[in-house]
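Me: I have a model open and want to learn to read its features. Can we go through them one at a time?

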Amino acid sequence: MKFALKILPKTEVLDTQGRAVQKTLMSHGFKLTDCHVGKYLVLEIEEKSREKAREQAIAMAEKGLYNPLIETYQLEEI
């Protein structure tokens, strides 16, 4: 089973990388209201049960792939 894990900074957290990217793009003439930089991971899990594979992906995310104080995540089966 493959899962996509998207990790982004929480909206209330200052995203300095996102602001830098936004500023660079705006200097090239692009019009943006906001920009966020995060992480995108693809997890391929050796598990026959879809439910158990999803549980493992969630455990991986919550035990070390994202920081719940400053980030959010979304998990999607791909």
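Predicted model: local features only at pLDDT ≥ 70, side-chain atom pairs only at ≥ 80, totals over all residues.

Me: Is Tyr-66 buried or exposed?

Reply: Buried means under 20% relative accessible area. Tyr-66 has 17%, so Tyr-66 is buried. Tyr-73 has 22% relative accessibility and therefore counts as partly exposed.

Me: How is a pair of aromatic rings described?

Reply: By the distance of the centres and the angle of the planes. Here the count comes to one aromatic pair. Tyr-66 and Tyr-73 form that pair, with 4.7 Å centre to centre and 65° between the planes. Planes over 60 degrees apart count as edge-to-face, so this pair is edge-to-face.

Me: Now helix H2. Which of its residues are buried?

Reply: H2 covers residues 50–65, and Ala-53, Ala-57 and Ala-61 are buried there. Look down the helix axis. The buried residues of H2 fall within an arc of 80°, so they line one face of the helix.

Me: What does the face turned away from the buried side carry?

Reply: That face of H2 carries the exposed residues Glu-51 and Lys-63.

Me: And what covers the buried residues of H2?

Reply: The cover includes three strands: E1 (2–9), E2 (39–44) and E3 (71–77).

Me: Next, salt bridges. How many does a search of the whole structure find?

Reply: Two. Glu-71 forms a salt bridge with Lys-39, and their closest N and O atoms are 3.6 Å apart. Glu-71 sits in strand E3 and Lys-39 in strand E2, so this pair links distant parts of the chain, 32 residues apart. Glu-71 is buried, at 14% relative accessibility. Lys-39 is partly exposed, at 39%.

Me: Which side chains meet in a salt bridge at 2.9 Å, N to O?

Reply: Those of Arg-50 and Glu-77. Arg-50 lies in helix H2 and Glu-77 in strand E3, so the pair ties together parts 27 residues apart in sequence. Arg-50 is exposed, with a relative accessible area of 51%. Glu-77 is partly exposed, with 33%.

Me: Last, the surface. Which residues make the nonpolar patch?

Reply: Val-21, Leu-25 and Phe-30 make a nonpolar surface patch of about 240 Å². To find Phe-30, go to the loop between helix H1 (16–27) and E2.

How values were computed. Residues numbered from 1 in each chain as written. Heavy atoms only, no water. Phe/Tyr/Trp six-rings, centres within 6.5 Å; stacked < 30°, edge-to-face > 60°. Buried < 20%, exposed > 50% of the residue type's maximum accessible area, 1.4 Å probe, protein only. Helix = DSSP H or I, 4+ residues; strand = E, 2+ residues; numbered from the N terminus. Arc of directions from axis to C-beta. Contact = heavy atoms within 4.5 Å. Patch = residues over 30% accessible without salt bridge, like charges linked within 9 Å, V, L, I, M, F, W, Y side chains within 5 Å. Areas by Shrake-Rupley, 256 points an atom, 1.4 Å probe, with all protein chains shown as cover. Salt bridge = Lys/Arg side-chain N within 4 Å of Asp/Glu carboxyl O.
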